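Reader: Hi! I'm new to reading protein models, could we go through this one together?
Author: Happy to, just ask whatever comes to mind.

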Amino acid sequence: MIRFFLPAIAVFFALGAFAQSPATLDQDQYTLASIRRMRAVQFLMGPCEPLTKKSVIRRHRYEVRLKGDSTFQKAGRIEKYRRGDIFVIGGSHNYDIIKPDSTVCMNRIVSNRRKLEGVPYKGSWVFRIVTGAVRGYSPYPEETLSRVVYMQLEPNGPIEVADIQRLREVMVENEAALALLRKRKIGAAMERYNQDLAEGE
């Protein structure tokens, strides 16, 4: 009789292991709907490596412009993975997933009059935190200078990883900005340089 119950016992433990293993990898509560969504994300991101979530940004409202020129406003959250970002709209069984390479811009709506401009960059979105002669971008849609890690040295120039040596060359005559750069406070240095430049004009 026992041998007839062995397959059922094995299935029971296997299901228990399946239910527990995702929870050990991530603190989210896994349901059937979320597991299905994770499979959809895995399909979109590609099977090259395990789907490991780096971080989840809390929900904000965004203005999204797709490459087909359609524009809409929706609340959702950005999920960051090793292979890039996705924007998840909705929840439970009804959700949409948008990748950066399908968008022209992804602007976080801060208020009725203010937006944080977001643009696709190498499989992710980056958001302009510092404006002016030298622009600073962050991978997070939050107005936090300490998270600025990308730079744009010309209005229509490329967005690049912030290079402290090149920034020193640009800010060479601004000792206050250089002092911030020496402390690796890139966003604060950009903002100080832009403010001083604007006041001197």
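Reader: Which side chain makes a polar contact with the side chain of Gln-152?
Author: That is the side chain of Tyr-137, at 2.8 Å. A polar contact is a pair of N or O atoms within 3.5 Å; within protein, one must be able to donate a hydrogen and the other to accept it, and residues adjacent in sequence count only if both atoms are side-chain atoms.

Reader: Before we go on, what kind of model is this, and how are residues numbered?
Author: It is a predicted model, in which local features need pLDDT of at least 70 and side-chain atom pairs count only at pLDDT 80 or more, while totals for chains, interfaces and linings use all residues. Residues are numbered from 1 along each chain as its sequence is written, and side-chain values use heavy atoms, with hydrogens and water left out.

Reader: Thanks! Back to Gln-152: which backbone oxygen does its side chain reach?
Author: The side chain of Gln-152 reaches the backbone oxygen of Gly-157, at 2.8 Å.

Reader: And is Gln-152 buried or exposed?
Author: Gln-152 is buried, because its relative accessible area is 6%. Buried means under 20% relative accessible area, exposed over 50%, and partly exposed in between (1.4 Å probe, protein chains only).

Reader: What does Gln-152 touch?
Author: Leaving out residues up to four places away in sequence, Gln-152 touches Ala-133, Val-134, Arg-135, Tyr-137, Gly-157, Pro-158 and Ile-159. Contact here means heavy atoms within 4.5 Å.

Reader: Where does Gln-152 lie?
Author: Gln-152 lies in strand E11, residues 150-152. Helices (H or I, at least four residues) and strands (E, at least two) are DSSP runs, numbered from the N terminus.

Reader: In what order do the strands of that sheet come?
Author: The order is E8-E9-E10-E11-E12, an open sheet of 5 strands with antiparallel pairing. Strand E8 (118-121) and strand E12 (160-161) stand at the edges with a single partner strand each, so one side of each has no neighbour in the sheet. Two strands pair if DSSP finds at least two bridges between them.

Reader: How many bridges join E10 to E11?
Author: There are 3 bridges joining E10 to E11, and Gly-136 has Met-151 as its bridge partner in E11. Met-151 in turn has Glu-160 as its bridge partner in E12, and 2 bridges join E11 to E12.

Reader: Which way do the residues of E10 point?
Author: Arg-135 and Tyr-137 point one way, Gly-136 and Ser-138 point the other way, and all are buried.

Reader: Okay, what does the side chain of Ser-124 make a polar contact with?
Author: With the side chain of Asp-85, at 3.4 Å. Ser-124 lies in strand E9, residues 124-130, and is buried, with a relative accessible area of 18%.

Reader: New topic: how many residues does the largest nonpolar core have?
Author: The largest nonpolar core has 27 residues, and Ile-78, Phe-87 and Met-106 are among those with the most contacts inside it. Strand E2 (60-66), strand E4 (84-91), E9, H3, H4 and H5 each give two or more residues to this core. A second, separate core of 6 residues includes Tyr-121, Val-126, Tyr-137 and Tyr-150. A nonpolar core is a set of buried Ala, Val, Leu, Ile, Met, Phe, Trp, Tyr and Cys residues joined through side-chain atoms within 4.5 Å.

Reader: Which residues of helix H4 are buried?
Author: In H4 (residues 175-182) they are Ala-177, Leu-178 and Leu-181. They lie on the same side of H4, because they cover an arc of only 100 degrees around the axis; the arc is that of the directions from the helix axis to the C-beta atoms. These buried residues pack against helix H3 (164-170) and helix H5 (186-200).

Reader: And what sits at the start of H4?
Author: There, a side-chain oxygen of Asn-174 reaches to within 3.3 Å of the backbone nitrogen of Ala-176.

Reader: Last one: how many helices and strands does the chain have?
Author: The chain has 5 helices and 12 strands, and buried residues make up 37% of its 201 residues.
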